[in-house]
Amino acid sequence: MTNTKTNVPTEKKEPVREAELTIDRPVFTPATDICESENAIHVVCDMPGVDEKGVNVTLEDDVLTITGTQEDTSFEGLDLVYRGYRSGLYRRVFTLSTDVDRDRIGAKISSGVLRIVLPKAEEAPPRRIAVEAG
Amino acid sequence: MTDLMMRSRAWDPFWDLQREMNRLFTGVAAPAETFPTVNVWTSRDQVVVTAELPGVDAKALDVSVHGDALTLKGERPEDTAVESAVCHRAERWSGRFSRTIRLPFAVENGQVKAKCRNGVLTVTLPRAESSKPRQVAIVSE
């Protein structure tokens with residue numbers, strides 16, 4: 001399947017029911033770009049309406065879980081006349097295929113775009129083992 | 001005659017085919033005909049339009065108002081932050097967009113405010129004085 005980048009974005013995608021919450025807010029799948037360079041994996045997620053307090057990135061074993069909570073916008077004295085998009089939570093889970101250096105993981109979020117850098121773990125240098133007589 | 005046809009659906013091969021075709025087309029997300037998607041809030045004297053535009057620089061965004069039409073124009077370039085990379089996934093959009101929204105009433109051009117926070121654009125448009133409803137005094141003769 002060719003990987004063509006389209007300029008026309010699709011509507012917000014909702015994941016399957018497993019990610020359903022106890023709260024009655026929809027859960028969306030954020031559009032994500034994943035690129036791998038020589039020494040790191042870069043994950044970039046589109047999460048509008050999410051700031052650094054509402055985002056949560058966890059890495060457990062080799063599973064990367066990204067969640068973001070959108071601010072619930074409502075305006076006093078105004079009625080919602082037309083709803084083009086809903087607001088809710090973002091959630092996406094990835095399984096990493098390479099070993100990652102956990103101490104140097106960096107994540108930044110600005111203007112609704114989350115960027116995670118996962119540096120690949122360096123291979124352990126060869127160790128010389130001393131052999132005792134006896 | 002129709003009752004008979006309805007009941008015989010179970011073995012009708014064309015019904016199966018039609019059902020498969022229907023299933024093929026549901027669940028396919030149609031691309032948004034107009035981008036960006038907006039939410040519109042109104043009161044008697046104000047309109048507020050919000051749109052989700054993650055990663056769009058305020059400088060690359062062009063918000064203009066003319067009468068009762070609000071135009072959102074902008075561009076998000078492709079992310080070139082990572083060089084010499086292998087792309088596993090490319091789902092984020094890039095490029096130019098332009099959308100004109102018709103507002104419920106004419107707005108005061110000079111008092112329109114727009115702010116972009118965390119990738120969400122909020123445009124506040126106060127109603128134009130000339131378009132506010134006026135009470136008409138009825139003279140009884």
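S2(A) and strand S5 (residues 86–90) of chain B run antiparallel, joined by 4 bridges. Strands here are DSSP runs (E, at least two residues), numbered from the N terminus, and two strands pair if DSSP finds at least two bridges between them. Within this pairing, Ile34(A) has Arg89(B) of S5(B) as its bridge partner.

This is a predicted model: local features need pLDDT of at least 70, side-chain atom pairs count only at pLDDT 80 or more, and totals for chains, interfaces and linings use all residues. Residues are numbered from 1 along each chain as its sequence is written, while chains are lettered from A and ligands numbered from 1 in the order in which they are written.

**Chain contacts**
- In chain A, 38 residues are in contact (C-beta atoms, placed from the backbone, within 7 Å) with 35 residues of chain B.
- Strand S2 (32–36), strand S3 (40–46) and S6 of chain A each give two or more residues to the side that touches chain B.

**Sheet across the chains**
- An open, antiparallel sheet of 5 strands has the order S6(A)-S1(B)-S2(B)-S8(B)-S7(B).
- Strand S6 (79–83) of chain A and strand S7 (113–117) of chain B stand at the edges, each with a single partner strand, so one side of each lacks a neighbour in the sheet.
- S7(B) pairs with strand S8 (residues 120–126) of chain B over 5 bridges, in the antiparallel sense.
- Lys113(B) stands opposite Thr124(B) in S8(B).

**Chain A**
- Chain A has 0 helices and 9 strands.
- Of its 134 residues, 25% are buried (20 or more other C-beta atoms within 10 Å of the residue's own, with C-beta atoms placed from the backbone).

Notes:
A residue is buried if 20 or more other C-beta atoms lie within 10 Å of its own, exposed if 12 or fewer, and partly exposed in between; C-beta atoms are placed from the backbone. Two residues are in contact if their C-beta atoms, placed from the backbone, lie within 7 Å.
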